[in-house]
Amino acid sequence: MTWLAIQERPLLETTLRHLECCILMSTVEGKILWANDSFINWSGYTLGELQSMTWMDLSVRDGSLLADTFEAKQLDGYQQEYRVRKQYIPKQQKPVWGTLNVLRYPAIGELKCCICTWHPIGDDSKEAYTLATEAIHKMSSELQ
């Protein structure tokens, strides 16, 4: 038996709630079930506000949202997780690029929830600059 398997629920809840990593639990259909303190602080929404939304409501409506919803529908016993680059929109702020990692739970059987970690890319990041440049280039080529 592993150390994690024998821990008491309060320890695990405290760990999830206070991790620096932004964590969001949702249904595959998009309903937000829970978010940890880091995600709540990053997004600017209260837990109650988030629970009245879907992760689609947080998302910029572009190709990355389409990719995200497509991948979510593919979660099954063979594909248990996926990663997508996308933009979430914090409350009353500009969209922020980041990486969303999604893991289905449980790995097999009826899907109960998606465990999502959100890794926003800071404004000063080289990666954010690269993504923005690629998006501008793509838009420019589509306009021609």
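Accessible areas here come from the Shrake-Rupley method with a 1.4 Å probe, and for residues only the protein chains shown count as cover. On that basis I looked up the surface of the protein chain, which exposes about 9400 Å², with carbon and sulfur atoms supplying 57% of it.

I note that this is a predicted model, in which local features need pLDDT of at least 70 and side-chain atom pairs count only at pLDDT 80 or more, while totals for chains, interfaces and linings use all residues. Residues are numbered from 1 along each chain as its sequence is written, and side-chain values use heavy atoms, with hydrogens and water left out.

**Overall layout.** I looked up the secondary structure, taken as DSSP runs numbered from the N terminus (helices are H or I of at least four residues, strands are E of at least two), and found 6 helices and 5 strands in the protein chain. Their order along the sequence is α-β-β-α-α-α-α-β-β-β-α. The C-alpha atoms fill a box of roughly 60 × 35 × 30 Å along the principal axes.

For burial I used relative accessible area (buried is under 20%, exposed over 50%, partly exposed in between, with a 1.4 Å probe and protein chains only); buried residues make up 36% of the 144 residues. With contact meaning heavy atoms within 4.5 Å, I noted that among contacts between residues at least 6 apart in sequence, 36% join residues at least 24 apart.

**Core.** I then turned to the nonpolar core, a set of buried Ala, Val, Leu, Ile, Met, Phe, Trp, Tyr and Cys residues joined through side-chain atoms within 4.5 Å. The largest one has 25 residues, and those with the most contacts inside it are Leu24, Phe39, Leu50, Leu58 and Tyr88. Among the elements that each supply at least two residues of this core are strand 1, helix 2 (37–43), helix 5 (63–74) and strand 4 (96–105). Leaving aside residues up to four places away in sequence, Leu50 touches Ile32, Ala35, Phe39, Ile40, Ser43, Tyr45 and Leu58.

**The loop between strand 1 and strand 2.** I looked up two residues here. Thr27 sits in this loop, between strand 1 (22–26) and strand 2 (32–35), and it counts as buried because its relative accessibility is 17%. Beyond four places in sequence, Thr27 touches Leu33, Trp55 and Cys114. Lys31 lies in the loop between strand 1 and strand 2 as well, but Lys31 is partly exposed, with a relative accessible area of 43%.

**Helix 5.** Ser64 lies in helix 5 and is buried, with a relative accessible area of 11%. I recorded a polar contact (a pair of N or O atoms within 3.5 Å; within protein, one must be able to donate a hydrogen and the other to accept it, and residues adjacent in sequence count only if both atoms are side-chain atoms) between the side chains of Ser64 and Asp62, at 2.5 Å.

**Backbone details.** I found that the peptide bond from Tyr105 to Pro106 is cis, with omega near -5°, and that Pro106 lies in the loop between strand 4 and strand 5. Gln92, in the loop between strand 3 and strand 4, has phi near 55°, a positive value in a residue other than glycine, and Gln92 is exposed at 78% relative accessible area.
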